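Open the model in your viewer and keep the sequence panel beside it. This tour goes from one selection to the next.

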Amino acid sequence: MPFPHVLLSAAVSLDGYLDDTGPERLLLSGPADFDRVDEVRASVDAILVGAGTIRADNPRLLVNSAERRAGRVAAGKPPYPLKVTVSGSGDLDPAAKFWHTGGDKVVYTTEDGARRLKASDLAADVVPLGPELDWRALLTHLHDVRGVRRLMVEGGGTVHTQLLRQGLADELQLVLAPLFVGAPDAPRLFGPGPYQGGRLRLLESRTIGDVVLMRYEPTAPGVGGTASAADRHWLALACELAALCPPSRTAFSVGAVVVAQDGTELARGYSREGGDPLAHAEEAALAKIAPGDPRLAGATVYSSLEPCAQRASRPRPCAQLILDAGVRRVVTAWREPDTFVAGADGSGVLARAGADVVVLPEYAAAAKAPNEHLAERG
Ligand SMILES: NC(=O)C1=CN([C@@H]2O[C@H](COP(=O)(O)OP(=O)(O)OC[C@H]3O[C@@H](n4cnc5c(N)ncnc54)[C@H](OP(=O)(O)O)[C@@H]3O)[C@@H](O)[C@H]2O)C=CC1
Ligand SMILES: Nc1c(N[C@@H]2O[C@H](COP(=O)(O)O)[C@@H](O)[C@H]2O)[nH]c(=O)[nH]c1=O
């Protein structure tokens, strides 16, 4: 069930506000940063804002540069990205600029909201998602029905907070503007409540006029059988690690990463690491963590190939090493083919012991790539 790449975009004051309490939209970005925002808009398939932002800002959400629109058309895309909003109430003004400018429009709403919107004659596709608005259903619909691969979310705080907390944000592009708002009732970017425990990864920081852009990637694994955006990033890293393996004609090339619940990387490894011709990726990674480390119980093991279920050359297969380490969550890209062991079922070994196993087949091609030379074996 792939989702679009979800990019959260926002500008905040030094005291963490998205806006002031006045009737006009507060300009936190400067001209150069608004031009960067325009560039990001031109690069995406869809832009989403919450109904609160439509009511407060009356935005148009266009690609303003004619050259960028021409570039989109030359690439076979519509000149403007799809415009998306979410509303539970269905209380949306049909005269708002959102509906009368730019690309196609779609509103995701609840069954109650849809009843209200049907009567209001909006120039938009209205998609009810059930009694409540479910963000995973929304992202699946955008991906599968609307063909959206990159989604830019331009706020407001209510929307950003949910996407971040639910592990659905691939990236946060945050601009810090050198001014204070100082009004306790002004909207904040992220509201109070639970967030991932550890640190996000800083991907980039850049000065743009008098503001600073920071790009972050959330790092926290998903929970149980539900995948987070960070799960996909960690699994992509495991697939990259597989490319470091010394080549072999008699064993798979596999990469593995062990990540604590708060998003801290505990260890990584790859097959035959350190010159041991028999070493498996999960084994190499787990060997770097002190046995009994309390973080293992909440950790996730990412492995490009599912952990092995039986081994001739070692007393315990990797599925058992993972269980013995206390880990109860595994994310993998590729179920083991019968190349070396017929009917290996490491996922089954893990699941029968109560572990959650998440398979993300969209990474199977990356996991298989360093193993192409083994394909003719079966
Ligand atoms: N500085 C910046 O970069 C930006 C600043 N802003 C500022 O943010 C403020 C608006 O933020 P905010 O008030 O948080 O509004 P949002 O834009 O986040 O919209 C919130 C609304 O979206 C709908 N919604 C969101 N989640 C759900 C859900 N799970 N189920 C059903 N409906 C949902 C609801 O609409 P409904 O009420 O219809 O049910 C809700 O009231 C404005 O002041 C704006 O200027 C906005 C964007 C960027
Ligand atoms: N104020 C503010 C932002 N606000 C965002 O820009 C939207 C309006 O865009 P437009 O329709 O092009 O005028 C608005 O609804 C909100 O999503 N964005 C930023 O990068 N920096 C800023 O300082």
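**Stop 1: the whole protein**

Show everything as a cartoon. Remember that this is a predicted model. You are looking at eleven helices and 14 strands. The radius of gyration is 23 Å, close to the 21 Å that the globule rule gives for 378 residues, so the protein is as compact as a globular protein of that length. Turn the view along the principal axes: the C-alpha atoms fill a box of roughly 70 × 40 × 40 Å.

Next, colour by burial. Of the 378 residues, 43% count as buried. Then look at contacts between residues at least 6 apart in sequence: 69% of them join residues at least 24 apart.

**Stop 2: strand β1**

Select residues 5-12, which form β1. Is this strand largely enclosed or open? Seven of its eight residues are buried, so β1 is largely enclosed by the rest of the structure.

Select residues 150-153 for β6, which runs parallel to β1 and is joined to it by four bridges. Find L7 and look across to M152 in β6, which stands opposite. Then select residues 171-176 for β7; β1 pairs with β7 in the parallel sense too, over six bridges. Here S9 stands opposite Q173.

**Stop 3: ligand 1**

Keep β1 on screen and select ligand 1. Which residues come nearest to it? They are G50, G52, G88, G155 and G156, out of 27 residues around the ligand. Several elements each supply at least two residues of this shell: β1, β2 (46-50), α2 (51-57), β3 (82-87) and α6 (157-165). Highlight α2, which gives the most, with five residues. Colour the shell by residue class: eleven are nonpolar, eleven polar and five charged.

**Stop 4: ligand 2**

Move to ligand 2. A shell of 16 residues surrounds this ligand, and the closest are A11, L28, S29, P59 and E154. Apply the class colours again: this shell divides into nine nonpolar, three polar and four charged residues.

**Stop 5: the annotated span**

Finally, select residues 229-350. An unreviewed UniProt entry annotates this span as "domain: CMP/dCMP-type deaminase". In the model, 27% of the span is helix and 19% is strand.

Key
Residues numbered from 1 in each chain as written. Chains lettered and ligands numbered in written order. Predicted model: local features only at pLDDT ≥ 70, side-chain atom pairs only at ≥ 80, totals over all residues. UniProt positions renumbered as here; feature names shortened; annotations may be inferred. Near = placed C-beta within 6 Å. Nonpolar A, V, L, I, M, F, W, Y, C, P; charged D, E, K, R; others polar. Rg over C-alpha atoms; globule rule 2.2 N^0.38 Å. Buried ≥ 20, exposed ≤ 12 C-beta atoms within 10 Å, placed from the backbone. Contact = placed C-beta atoms within 7 Å. Pairing = 2+ DSSP bridges.
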